[in-house]
Amino acid sequence: METEFQDGKQEVIETWYMDDSQEDQRLPHHREPKEFIPLEKLSELGIVSWRLNPDNWENDENLKKIREARGYSYMDICDVCPEKLPNYETKIKNFFEEHLHTDEEIRYCLEGSGYFDVRDENDQWIRVAVKKGGMIVLPAGMYHRFTLDTDNYIKAMRLFVGDPVWTPYNRPHDHLPERKEYLDKLVKTEGGNQAIEAR
């Protein structure tokens, strides 16, 4: 399933190493010079992603296949923008606090765009820009955060196995079993794949 629905994915999901600037979180935060990262790097970090057709998601057989194969029984849709999200400023600040979950975080961008920031194996921030049609799964135990970009709008489908639990555990929460399991998997992946990104 991870290798299906990949055509044109790089048009809706793009990744790069972030700078350390404290400027507005919604800016791209490229390093100088820019350091783009191949999407395979996300796979090494345990992230799964696809490109789907958001204009017909209600009848999309590919989305149905993913949901059935991965057990995503719960689904809802949320609009993140100043006009539609109650307590917008507070929520956006909370989303941008570095945290992890004890379950996967699954997001499918139906409209708009946003940034998912994740840590690589060396604790460097990678910015994952997701646009309309991009679907991304962050593994349980991975530190991450979310922000809108300067367009200030995303309509995202949230999926979950069983009843949803959205509890964020802000860093540090390294004692959680899900964090330890994630790090163990990362070490195994690295052991079998010695390609280190050129800095």
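Select strand S3 (74–80), helix H3 (88–95), S5, strand S8 (144–148) and S9: each of them supplies at least two residues to the lining of the largest pocket. This is a predicted model. S9 gives the most to that lining, with 4 residues. The space in the pocket comes to about 510 Å³. In total, 24 residues line the pocket, and those closest to its centre are Phe-95, His-101, Glu-105, Arg-107 and Arg-158.

**Stop 1: His-99.** Centre on His-99, in strand S4 (residues 99–100). Is His-99 buried or exposed? At 5% relative accessibility, His-99 counts as buried, because the cut-off for buried is under 20%. Show its contacts beyond four places in sequence. They include Glu-105 and His-144, along with Met-142, Tyr-143 and Arg-145. Pro-168, Tyr-169, Asn-170 and Arg-171 also touch His-99. Then draw a distance to His-101: the two side chains make a polar contact at 3.3 Å.

**Stop 2: His-101.** Step along to His-101, in the loop between S4 and strand S5 (105–119). His-101 is buried too, with a relative accessible area of 11%. Leaving out residues up to four places away in sequence, His-101 touches Ala-140, Gly-141 and His-144, as well as Trp-166, Thr-167 and Pro-168.

**Stop 3: helix H2.** Now select H2 (residues 61–70) and colour Leu-63, Ile-66 and Arg-70, which are buried. They cover an arc of only 60 degrees around the axis, which puts them on the same side of H2. An α-helix has 3.6 residues a turn, so residues three or four places apart point the same way. What do the buried residues of H2 pack against? Their partners are strand S2 (48–51), S5, strand S7 (134–138) and strand S9 (154–160). Turn to the other side of H2 to find Glu-68 and Ala-69, which are exposed.

Look at both ends of the helix. At the start of H2, a side-chain oxygen of Asp-60 reaches to within 2.9 Å of the backbone nitrogen of Asn-62. Gly-71 follows H2, with a positive phi near 75 degrees.

**Stop 4: backbone exceptions.** Most residues other than glycine have a negative phi, and most peptide bonds are trans. Which peptide bond is cis, with omega near -5 degrees? Select Glu-32 and Pro-33, which this bond joins. Pro-33 lies in the loop between strand S1 (13–17) and helix H1 (40–44). Stay in the loop between S1 and H1 for His-29. Phi of His-29 is positive, near 55 degrees, and the residue is buried at a relative accessible area of 7%.

Move to Phe-5, in the segment before S1. Phi of Phe-5 is positive, near 55 degrees. Phe-5 is buried, with a relative accessible area of 14%.

Finish at Arg-171 and Pro-172, joined by a cis peptide bond with omega about 5 degrees. Pro-172 lies in the loop between strand S10 (169–170) and helix H4 (177–192). Arg-171 leads back to the annotated site, where it is in contact with His-99.

Methods: Residues numbered from 1 in each chain as written. Predicted model: local features only at pLDDT ≥ 70, side-chain atom pairs only at ≥ 80, totals over all residues. Heavy atoms only, no water. Buried < 20%, exposed > 50% of the residue type's maximum accessible area, 1.4 Å probe, protein only. Contact = heavy atoms within 4.5 Å. Polar contact = N/O pair within 3.5 Å; in protein donor to acceptor, adjacent residues only side chain to side chain. Arc of directions from axis to C-beta. 1 Å grid on protein atoms, 1.4 Å probe; cavity = no way out; pocket = protein on both sides within 12 Å on 5 of 7 lines; lining within 4 Å. Points joined across faces, edges and corners; volume = space filled by probe spheres on them.
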